[in-house]
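Reader: I have a model open and would like to go through it piece by piece. Can we start once it is on screen?

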Amino acid sequence: MSKDMQEFQEYLKTIGWTLFVAIIVVSITVIDLRINTSSKKITSEKLLIESNDDITGYLNPKLAIDELLYQEKTDGANYIINLKLAFLYELIKDYNGAEENYQKALLKSQNSAFSVYKSAIFYAKQKKYQKALAISALFPQTKDKKIYEMKARFYDALASSFLSDKDYPNAVKIFKIAHKYARNTDKTLELKTAKDTAHSYSEYADKFISENNPVHAAQMLENALEFYPDPYAMYKLALVYQGVDNIKAQKYMERAYNAAPEIVNLDMYNKLLRDIVKEYNDTGEYSKASFYKLKQENFKRKLAGSNIFKDDIKIENFKIHKSSGFIFSRKKYYVIFDLKNNSSYPVDNLFIKIIIKPRGENIIETEKKIITRNNPIEPKKTAKSIAVPFESKETALGRYAEIQILAKKDIRAKWVVIDYLTASFTK
(Lines give C-alpha, C1' and ligand atoms only; values in the text may rest on other atoms or scores of the structure.)
Protein backbone atom coordinates (compact mmCIF):
# COMPACT_ATOMS: atom_id res chain seq x y z
CA MET A 1 0.00 0.00 0.00
CA SER A 2 1.40 3.35 -1.01
CA LYS A 3 2.12 6.08 1.47
CA ASP A 4 -0.53 8.30 -0.11
CA MET A 5 -3.20 5.61 0.30
CA GLN A 6 -2.31 5.10 3.99
CA GLU A 7 -2.59 8.85 4.61
CA PHE A 8 -5.97 8.93 2.86
CA GLN A 9 -7.32 6.06 5.05
CA GLU A 10 -6.10 7.80 8.21
CA TYR A 11 -7.87 10.95 7.00
CA LEU A 12 -11.16 9.02 6.55
CA LYS A 13 -10.83 7.49 10.05
CA THR A 14 -10.30 10.95 11.52
CA ILE A 15 -13.39 12.29 9.76
CA GLY A 16 -15.42 9.27 10.92
CA TRP A 17 -14.43 9.67 14.57
CA THR A 18 -15.08 13.40 14.36
CA LEU A 19 -18.59 12.79 13.01
CA PHE A 20 -19.26 10.13 15.68
CA VAL A 21 -18.19 12.45 18.50
CA ALA A 22 -20.25 15.25 16.99
CA ILE A 23 -23.33 13.03 16.86
CA ILE A 24 -22.86 12.08 20.52
CA VAL A 25 -22.41 15.72 21.57
CA VAL A 26 -25.48 16.81 19.62
CA SER A 27 -27.54 13.98 21.12
CA ILE A 28 -26.50 14.92 24.67
CA THR A 29 -27.24 18.56 23.92
CA VAL A 30 -30.71 17.71 22.58
CA ILE A 31 -31.52 15.59 25.66
CA ASP A 32 -30.27 18.33 27.97
CA LEU A 33 -32.19 20.93 26.02
CA ARG A 34 -35.37 18.84 26.23
CA ILE A 35 -35.06 18.57 30.01
CA ASN A 36 -34.27 22.28 30.42
CA THR A 37 -37.07 23.27 28.05
CA SER A 38 -39.43 21.07 30.02
CA SER A 39 -38.42 22.80 33.24
CA LYS A 40 -38.94 26.20 31.64
CA LYS A 41 -42.29 25.05 30.34
CA ILE A 42 -43.41 24.14 33.85
CA THR A 43 -42.42 27.62 35.02
CA SER A 44 -43.94 29.35 32.01
CA GLU A 45 -47.22 27.50 32.63
CA LYS A 46 -47.25 29.13 36.06
CA LEU A 47 -46.60 25.85 37.80
CA LEU A 48 -45.00 27.82 40.59
CA ILE A 49 -44.74 26.02 43.86
CA GLU A 50 -45.52 29.24 45.70
CA SER A 51 -48.93 29.49 44.03
CA ASN A 52 -52.02 28.46 45.97
CA ASP A 53 -54.26 28.48 42.90
CA ASP A 54 -55.28 25.48 40.81
CA ILE A 55 -53.71 25.86 37.36
CA THR A 56 -56.49 24.11 35.49
CA GLY A 57 -55.20 25.27 32.13
CA TYR A 58 -51.96 23.25 32.30
CA LEU A 59 -51.55 21.60 28.91
CA ASN A 60 -50.27 18.13 29.77
CA PRO A 61 -49.79 17.44 33.49
CA LYS A 62 -49.21 13.71 32.95
CA LEU A 63 -46.26 14.42 30.66
CA ALA A 64 -44.90 16.88 33.24
CA ILE A 65 -45.23 14.17 35.93
CA ASP A 66 -43.17 11.74 33.81
CA GLU A 67 -40.47 14.37 33.32
CA LEU A 68 -40.38 15.22 37.04
CA LEU A 69 -40.16 11.51 37.95
CA TYR A 70 -37.12 11.29 35.66
CA GLN A 71 -35.59 14.31 37.37
CA GLU A 72 -36.28 12.75 40.80
CA LYS A 73 -34.10 9.75 39.83
CA THR A 74 -31.15 12.01 39.04
CA ASP A 75 -31.72 14.53 41.85
CA GLY A 76 -33.33 12.49 44.61
CA ALA A 77 -32.57 14.89 47.46
CA ASN A 78 -34.40 17.82 45.86
CA TYR A 79 -37.69 18.05 47.77
CA ILE A 80 -39.00 20.81 45.46
CA ILE A 81 -39.42 18.14 42.78
CA ASN A 82 -41.74 16.24 45.12
CA LEU A 83 -43.74 19.38 45.88
CA LYS A 84 -44.19 19.96 42.15
CA LEU A 85 -45.20 16.34 41.70
CA ALA A 86 -47.69 16.63 44.55
CA PHE A 87 -49.19 19.72 42.95
CA LEU A 88 -49.61 17.95 39.60
CA TYR A 89 -51.12 14.87 41.21
CA GLU A 90 -53.65 17.16 42.89
CA LEU A 91 -54.34 18.69 39.51
CA ILE A 92 -55.31 15.33 38.01
CA LYS A 93 -57.14 14.36 41.25
CA ASP A 94 -54.70 11.57 42.14
CA TYR A 95 -54.77 12.40 45.85
CA ASN A 96 -52.87 9.28 46.91
CA GLY A 97 -49.99 10.28 44.64
CA ALA A 98 -50.16 13.84 45.99
CA GLU A 99 -50.09 12.68 49.62
CA GLU A 100 -47.13 10.36 48.95
CA ASN A 101 -45.10 13.21 47.47
CA TYR A 102 -45.99 15.66 50.25
CA GLN A 103 -44.72 13.10 52.74
CA LYS A 104 -41.50 12.67 50.71
CA ALA A 105 -41.03 16.45 50.63
CA LEU A 106 -41.45 16.69 54.41
CA LEU A 107 -38.93 13.88 54.95
CA LYS A 108 -36.32 15.18 52.47
CA SER A 109 -36.56 18.79 53.66
CA GLN A 110 -36.59 17.82 57.35
CA ASN A 111 -39.92 19.60 57.78
CA SER A 112 -38.98 22.86 56.10
CA ALA A 113 -41.51 25.65 56.63
CA PHE A 114 -42.58 25.58 53.01
CA SER A 115 -43.08 21.79 52.93
CA VAL A 116 -45.09 22.04 56.13
CA TYR A 117 -47.22 24.81 54.63
CA LYS A 118 -48.00 23.01 51.34
CA SER A 119 -48.68 19.70 53.09
CA ALA A 120 -50.94 21.26 55.72
CA ILE A 121 -52.90 23.11 53.02
CA PHE A 122 -53.36 19.81 51.15
CA TYR A 123 -54.79 18.02 54.19
CA ALA A 124 -57.04 20.99 54.99
CA LYS A 125 -58.55 20.88 51.50
CA GLN A 126 -58.97 17.11 51.82
CA LYS A 127 -60.85 17.72 55.12
CA LYS A 128 -58.35 15.57 57.01
CA TYR A 129 -58.40 18.05 59.84
CA GLN A 130 -56.37 16.17 62.44
CA LYS A 131 -53.51 15.58 60.00
CA ALA A 132 -53.65 19.20 58.85
CA LEU A 133 -53.40 20.50 62.41
CA ALA A 134 -50.69 18.00 63.34
CA ILE A 135 -48.52 19.10 60.41
CA SER A 136 -49.20 22.79 61.04
CA ALA A 137 -47.73 22.30 64.52
CA LEU A 138 -44.36 21.82 62.74
CA PHE A 139 -44.23 25.49 61.65
CA PRO A 140 -41.20 27.25 63.13
CA GLN A 141 -42.11 29.30 66.19
CA THR A 142 -40.69 32.57 64.92
CA LYS A 143 -42.07 36.04 64.18
CA ASP A 144 -40.84 35.99 60.61
CA LYS A 145 -43.29 37.68 58.22
CA LYS A 146 -43.15 34.78 55.73
CA ILE A 147 -44.05 32.30 58.48
CA TYR A 148 -46.97 34.49 59.54
CA GLU A 149 -48.16 34.59 55.93
CA MET A 150 -47.98 30.80 55.60
CA LYS A 151 -49.89 30.36 58.85
CA ALA A 152 -52.54 32.89 57.79
CA ARG A 153 -53.08 31.17 54.45
CA PHE A 154 -53.18 27.72 56.05
CA TYR A 155 -55.76 28.68 58.67
CA ASP A 156 -57.81 30.49 56.03
CA ALA A 157 -57.90 27.29 53.93
CA LEU A 158 -58.72 25.18 56.99
CA ALA A 159 -61.58 27.50 58.00
CA SER A 160 -62.93 27.45 54.44
CA SER A 161 -63.18 23.66 54.62
CA PHE A 162 -65.06 23.87 57.93
CA LEU A 163 -67.40 26.46 56.41
CA SER A 164 -68.14 24.20 53.43
CA ASP A 165 -69.12 21.52 56.00
CA LYS A 166 -71.44 24.11 57.64
CA ASP A 167 -69.41 23.74 60.83
CA TYR A 168 -69.90 27.41 61.66
CA PRO A 169 -68.39 27.49 65.19
CA ASN A 170 -65.06 26.05 63.99
CA ALA A 171 -65.14 28.11 60.80
CA VAL A 172 -65.47 31.49 62.56
CA LYS A 173 -62.95 30.50 65.24
CA ILE A 174 -60.28 29.50 62.73
CA PHE A 175 -60.94 32.41 60.36
CA LYS A 176 -60.21 34.69 63.33
CA ILE A 177 -56.88 32.89 63.85
CA ALA A 178 -56.07 33.37 60.16
CA HIS A 179 -56.87 37.08 60.44
CA LYS A 180 -54.68 37.42 63.54
CA TYR A 181 -51.66 36.13 61.63
CA ALA A 182 -52.56 38.08 58.47
CA ARG A 183 -52.45 41.38 60.38
CA ASN A 184 -48.67 40.85 60.62
CA THR A 185 -48.24 40.45 56.86
CA ASP A 186 -49.61 42.80 54.19
CA LYS A 187 -52.84 44.73 53.64
CA THR A 188 -54.05 42.46 50.83
CA LEU A 189 -53.94 39.28 52.90
CA GLU A 190 -55.29 41.11 55.95
CA LEU A 191 -58.29 42.33 53.92
CA LYS A 192 -58.92 38.86 52.48
CA THR A 193 -59.02 37.19 55.88
CA ALA A 194 -61.20 40.01 57.26
CA LYS A 195 -63.72 39.49 54.45
CA ASP A 196 -63.61 35.71 54.92
CA THR A 197 -64.22 36.05 58.65
CA ALA A 198 -67.13 38.43 58.08
CA HIS A 199 -68.60 36.07 55.47
CA SER A 200 -68.44 33.11 57.86
CA TYR A 201 -70.29 35.09 60.54
CA SER A 202 -72.88 36.11 57.95
CA GLU A 203 -73.49 32.49 56.95
CA TYR A 204 -73.71 31.56 60.64
CA ALA A 205 -76.41 34.25 60.96
CA ASP A 206 -78.35 32.67 58.08
CA LYS A 207 -78.54 29.47 60.11
CA PHE A 208 -80.08 31.32 63.06
CA ILE A 209 -82.47 33.21 60.77
CA SER A 210 -83.71 29.90 59.34
CA GLU A 211 -84.24 28.69 62.92
CA ASN A 212 -86.24 31.85 63.75
CA ASN A 213 -83.61 32.97 66.26
CA PRO A 214 -83.21 36.71 65.54
CA VAL A 215 -81.22 37.44 68.71
CA HIS A 216 -78.33 35.14 67.78
CA ALA A 217 -78.62 36.10 64.11
CA ALA A 218 -78.21 39.77 65.01
CA GLN A 219 -75.19 38.96 67.17
CA MET A 220 -73.48 37.05 64.35
CA LEU A 221 -74.10 39.92 61.90
CA GLU A 222 -72.80 42.47 64.41
CA ASN A 223 -69.65 40.32 64.71
CA ALA A 224 -69.32 40.23 60.93
CA LEU A 225 -69.34 44.02 60.73
CA GLU A 226 -66.53 44.23 63.29
CA PHE A 227 -64.26 42.60 60.71
CA TYR A 228 -65.55 44.08 57.45
CA PRO A 229 -68.29 46.58 56.52
CA ASP A 230 -70.13 44.18 54.23
CA PRO A 231 -73.30 45.89 52.90
CA TYR A 232 -75.07 42.52 52.64
CA ALA A 233 -74.50 41.95 56.37
CA MET A 234 -75.83 45.46 57.05
CA TYR A 235 -78.92 44.79 54.98
CA LYS A 236 -79.59 41.43 56.62
CA LEU A 237 -79.17 43.06 60.03
CA ALA A 238 -81.73 45.70 59.05
CA LEU A 239 -84.18 42.98 58.07
CA VAL A 240 -83.59 41.13 61.34
CA TYR A 241 -84.28 44.29 63.38
CA GLN A 242 -87.23 45.46 61.26
CA GLY A 243 -90.42 45.32 63.31
CA VAL A 244 -88.40 44.63 66.47
CA ASP A 245 -86.24 47.75 66.68
CA ASN A 246 -87.04 49.95 63.69
CA ILE A 247 -84.51 52.62 64.67
CA LYS A 248 -81.66 50.10 64.50
CA ALA A 249 -83.16 48.64 61.35
CA GLN A 250 -83.16 52.09 59.72
CA LYS A 251 -79.56 52.73 60.74
CA TYR A 252 -78.32 49.56 59.07
CA MET A 253 -80.64 49.97 56.07
CA GLU A 254 -79.21 53.45 55.50
CA ARG A 255 -75.62 52.18 55.77
CA ALA A 256 -76.37 49.36 53.31
CA TYR A 257 -78.01 51.78 50.89
CA ASN A 258 -75.08 54.21 51.02
CA ALA A 259 -72.61 51.37 50.39
CA ALA A 260 -74.55 49.39 47.76
CA PRO A 261 -77.91 50.91 46.80
CA GLU A 262 -78.64 48.17 44.27
CA ILE A 263 -79.14 45.53 47.00
CA VAL A 264 -81.75 47.49 48.98
CA ASN A 265 -85.47 47.05 48.41
CA LEU A 266 -86.44 50.71 48.06
CA ASP A 267 -90.12 50.20 48.83
CA MET A 268 -89.14 48.38 52.01
CA TYR A 269 -86.77 51.18 53.04
CA ASN A 270 -89.46 53.78 52.38
CA LYS A 271 -92.01 51.75 54.39
CA LEU A 272 -89.53 51.43 57.26
CA LEU A 273 -89.13 55.21 57.41
CA ARG A 274 -92.90 55.65 57.22
CA ASP A 275 -93.40 53.17 60.09
CA ILE A 276 -90.90 55.05 62.25
CA VAL A 277 -92.72 58.34 61.60
CA LYS A 278 -96.00 56.70 62.62
CA GLU A 279 -94.47 55.20 65.79
CA TYR A 280 -93.21 58.57 66.99
CA ASN A 281 -96.48 60.31 66.10
CA ASP A 282 -98.41 57.65 68.06
CA THR A 283 -96.23 58.18 71.15
CA GLY A 284 -96.42 61.97 70.88
CA GLU A 285 -92.71 62.41 70.07
CA TYR A 286 -93.43 64.84 67.28
CA SER A 287 -89.94 66.29 66.92
CA LYS A 288 -88.52 62.80 66.27
CA ALA A 289 -91.41 62.09 63.92
CA SER A 290 -90.59 65.27 61.99
CA PHE A 291 -86.92 64.30 61.81
CA TYR A 292 -87.68 60.92 60.22
CA LYS A 293 -90.37 62.43 57.99
CA LEU A 294 -87.74 64.79 56.64
CA LYS A 295 -85.36 61.85 56.20
CA GLN A 296 -88.07 59.98 54.32
CA GLU A 297 -88.77 62.93 52.04
CA ASN A 298 -85.05 63.44 51.37
CA PHE A 299 -84.70 59.76 50.55
CA LYS A 300 -87.66 59.83 48.16
CA ARG A 301 -86.50 63.07 46.57
CA LYS A 302 -83.07 61.57 45.91
CA LEU A 303 -84.68 58.64 44.16
CA ALA A 304 -87.46 60.54 42.46
CA GLY A 305 -85.67 60.59 39.11
CA SER A 306 -85.46 56.83 38.76
CA ASN A 307 -87.81 55.05 41.18
CA ILE A 308 -91.54 54.78 41.73
CA PHE A 309 -93.01 54.29 45.18
CA LYS A 310 -96.37 52.79 45.96
CA ASP A 311 -99.29 55.27 45.77
CA ASP A 312 -97.10 58.10 44.42
CA ILE A 313 -98.80 57.84 41.02
CA LYS A 314 -102.51 57.19 40.64
CA ILE A 315 -104.46 56.33 37.49
CA GLU A 316 -107.92 57.96 37.29
CA ASN A 317 -110.79 58.00 34.76
CA PHE A 318 -109.33 55.14 32.73
CA LYS A 319 -111.05 54.13 29.49
CA ILE A 320 -110.30 52.65 26.06
CA HIS A 321 -111.52 54.68 23.09
CA LYS A 322 -111.85 53.24 19.58
CA SER A 323 -111.41 55.45 16.53
CA SER A 324 -113.47 54.94 13.39
CA GLY A 325 -112.03 52.80 10.57
CA PHE A 326 -112.84 50.59 7.59
CA ILE A 327 -114.33 47.14 8.02
CA PHE A 328 -111.70 44.40 8.56
CA SER A 329 -108.92 46.97 8.72
CA ARG A 330 -106.65 47.37 11.72
CA LYS A 331 -108.43 49.66 14.14
CA LYS A 332 -106.67 52.35 16.15
CA TYR A 333 -107.48 52.51 19.82
CA TYR A 334 -106.44 54.91 22.55
CA VAL A 335 -105.98 54.18 26.21
CA ILE A 336 -107.02 57.43 27.88
CA PHE A 337 -106.57 58.28 31.56
CA ASP A 338 -105.75 61.03 34.05
CA LEU A 339 -102.51 60.72 36.02
CA LYS A 340 -102.34 62.16 39.52
CA ASN A 341 -99.02 62.90 41.26
CA ASN A 342 -99.61 62.15 44.95
CA SER A 343 -95.96 62.69 45.89
CA SER A 344 -94.32 65.84 47.24
CA TYR A 345 -91.93 66.27 44.30
CA PRO A 346 -92.42 66.78 40.53
CA VAL A 347 -92.69 63.84 38.13
CA ASP A 348 -90.62 65.00 35.15
CA ASN A 349 -89.83 61.71 33.42
CA LEU A 350 -92.19 58.76 33.03
CA PHE A 351 -92.57 55.76 30.75
CA ILE A 352 -95.81 53.81 30.71
CA LYS A 353 -96.50 50.23 29.59
CA ILE A 354 -100.04 48.94 29.17
CA ILE A 355 -100.78 45.21 28.87
CA ILE A 356 -104.29 44.51 27.58
CA LYS A 357 -105.75 41.02 28.02
CA PRO A 358 -109.06 40.80 26.16
CA ARG A 359 -111.12 37.91 27.43
CA GLY A 360 -110.42 34.88 25.26
CA GLU A 361 -108.20 36.87 22.87
CA ASN A 362 -104.51 37.56 22.32
CA ILE A 363 -102.59 39.86 24.65
CA ILE A 364 -101.76 43.35 23.36
CA GLU A 365 -98.89 45.48 24.71
CA THR A 366 -98.09 49.12 24.13
CA GLU A 367 -95.65 51.53 25.76
CA LYS A 368 -94.84 55.21 25.49
CA LYS A 369 -92.97 58.01 27.21
CA ILE A 370 -95.77 60.21 28.51
CA ILE A 371 -94.06 62.76 30.82
CA THR A 372 -90.97 64.85 30.01
CA ARG A 373 -88.96 67.55 31.77
CA ASN A 374 -90.59 70.13 29.51
CA ASN A 375 -94.04 69.20 30.79
CA PRO A 376 -93.78 67.76 34.34
CA ILE A 377 -96.60 66.96 36.75
CA GLU A 378 -96.15 69.13 39.83
CA PRO A 379 -96.75 67.70 43.33
CA LYS A 380 -100.42 67.00 44.12
CA LYS A 381 -101.43 67.91 40.56
CA THR A 382 -103.12 65.83 37.82
CA ALA A 383 -102.30 65.52 34.13
CA LYS A 384 -105.59 65.26 32.24
CA SER A 385 -106.53 62.98 29.32
CA ILE A 386 -103.21 61.28 28.61
CA ALA A 387 -103.64 59.16 25.46
CA VAL A 388 -101.57 56.08 24.58
CA PRO A 389 -102.39 54.59 21.13
CA PHE A 390 -102.38 50.93 20.08
CA GLU A 391 -103.69 48.97 17.12
CA SER A 392 -105.68 45.77 16.71
CA LYS A 393 -108.18 44.07 14.41
CA GLU A 394 -111.83 44.72 15.25
CA THR A 395 -112.50 41.03 15.90
CA ALA A 396 -109.54 40.72 18.24
CA LEU A 397 -111.21 42.65 21.04
CA GLY A 398 -114.21 41.70 23.10
CA ARG A 399 -116.28 44.13 25.09
CA TYR A 400 -114.17 43.90 28.26
CA ALA A 401 -110.45 43.45 28.94
CA GLU A 402 -108.17 43.09 31.93
CA ILE A 403 -105.59 45.88 31.98
CA GLN A 404 -102.21 45.92 33.70
CA ILE A 405 -100.42 49.29 33.88
CA LEU A 406 -96.70 49.53 34.57
CA ALA A 407 -94.43 52.54 34.82
CA LYS A 408 -90.81 53.52 35.29
CA LYS A 409 -88.96 56.83 35.54
CA ASP A 410 -85.72 55.74 33.93
CA ILE A 411 -85.29 53.76 30.72
CA ARG A 412 -82.81 51.44 32.48
CA ALA A 413 -85.06 50.83 35.51
CA LYS A 414 -87.42 47.90 36.03
CA TRP A 415 -91.12 48.24 35.31
CA VAL A 416 -93.30 48.75 38.38
CA VAL A 417 -96.99 47.75 38.43
CA ILE A 418 -99.05 50.81 39.41
CA ASP A 419 -102.58 49.59 38.63
CA TYR A 420 -104.58 46.53 37.61
CA LEU A 421 -108.16 46.93 36.43
CA THR A 422 -110.93 45.92 34.03
CA ALA A 423 -112.10 48.32 31.31
CA SER A 424 -114.70 48.30 28.57
CA PHE A 425 -114.30 49.43 24.97
CA THR A 426 -116.17 52.53 23.82
CA LYS A 427 -116.73 54.08 20.44
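Reader: Tyr269 and Phe299: buried or exposed?

Author: Both Tyr269 and Phe299 are buried. Bear in mind throughout that this is a predicted model.

Reader: Noted. What is the overall inventory of helices and strands?

Author: The protein has 14 helices and seven strands. Of its 427 residues, 43% are buried.

Reader: What about contacts along the chain, how many join residues at least 24 apart?

Author: 56%, counted among contacts between residues at least 6 apart in sequence.

Reader: Let's move to the aromatics. How many aromatic pairs are there?

Author: The count comes to 18 aromatic pairs. One of them is Tyr148 with Tyr181: the ring centres are 5.7 Å apart and the planes are at 35°, so the pair is tilted.

Reader: Where do Tyr148 and Tyr181 lie?

Author: Tyr148 is in helix 7 and Tyr181 is in helix 8, residues 168-182, so the pair ties together parts that are 33 residues apart in sequence. Tyr148 is buried, with a relative accessible area of 16%. Tyr181 also counts as buried, at 15% relative accessibility.

Reader: Back to the pair I opened with. What is the geometry of Tyr269 and Phe299?

Author: That aromatic pair is tilted, 4.4 Å centre to centre with 55° between the planes. It links distant parts of the chain, as Tyr269 is in helix 13 (residues 266-282) and Phe299 is in helix 14 (residues 286-303), 30 residues apart.

Reader: Which residues do ring pairs link into a cluster with Tyr148?

Author: Phe154, Tyr155 and Tyr181 are linked with Tyr148 into a cluster by ring pairs.

Reader: What lies over the face of Tyr181?

Author: Lys180 does, at 4.9 Å from the ring centre. In another place, the charged end of Lys207 sits over the ring of Phe208, 5.0 Å from its centre.

Reader: Next, Phe139. Where does Phe139 lie?

Author: In the loop between helix 6 (129-136) and helix 7 (145-164).

Reader: Buried or exposed? Phe139, I mean.

Author: Phe139 counts as buried, because its relative accessibility is 3%.

Reader: What does Phe139 touch?

Author: Leaving aside residues up to four places away in sequence, Phe139 touches Ala113, Val116, Tyr117, Met150, Lys151 and Phe154. Phe154 is also part of the ring cluster with Tyr148.

Reader: Staying with helix 7, what about Asp156? Buried or exposed?

Author: Asp156, whose place is in helix 7, is buried, with a relative accessible area of 7%. Again not counting residues up to four places away in sequence, Asp156 touches Phe175, Ala178, Lys192, Thr193 and Asp196.

Reader: Change of topic: helix 2. Which residues of helix 2 are buried?

Author: Pro61, Ala64, Ile65, Glu67, Leu68, Gln71 and Glu72 are buried in helix 2. They cover an arc of only 165° around the axis, which puts them on the same side of helix 2.

Reader: Which exposed residues are on the face turned away from the buried side of helix 2?

Author: That face carries the exposed residues Lys62, Lys73 and Thr74. As for length, helix 2 (residues 61-74) has 14 residues and reaches 20 Å from its first C-alpha to its last, close to the 20 Å expected at 1.5 Å a residue.

Reader: Where is Lys93, and what is its phi?

Author: Lys93 is in the loop between helix 3 and helix 4. Its phi is near 65°, a positive value in a residue other than glycine. Lys93 counts as exposed, at 60% relative accessibility.

Reader: And phi of Asn317, what is that near?

Author: Phi of Asn317 is near 55°, again positive in a residue other than glycine. Asn317 lies in strand 1 (residues 313-322) and counts as exposed at 57% relative accessibility.

Terms used: Residues are numbered from 1 along each chain as its sequence is written. This is a predicted model: local features need pLDDT of at least 70, side-chain atom pairs count only at pLDDT 80 or more; totals for chains, interfaces and linings use all residues. Side-chain values use heavy atoms; hydrogens and water are left out. Helices (H or I, at least four residues) and strands (E, at least two) are DSSP runs, numbered from the N terminus. Buried means under 20% relative accessible area, exposed over 50%, partly exposed in between (1.4 Å probe, protein chains only). Contact means heavy atoms within 4.5 Å. The expected span of a helix is 1.5 Å times one less than its number of residues. The arc is that of the directions from the helix axis to the C-beta atoms. Rings of Phe, Tyr and Trp (its six-membered ring) pair if their centres lie within 6.5 Å; planes under 30 degrees apart count as stacked, over 60 as edge-to-face and the rest as tilted. A charge sits over a ring if NZ of Lys or CZ of Arg is within 6 Å of the ring centre and within 35 degrees of the ring normal.
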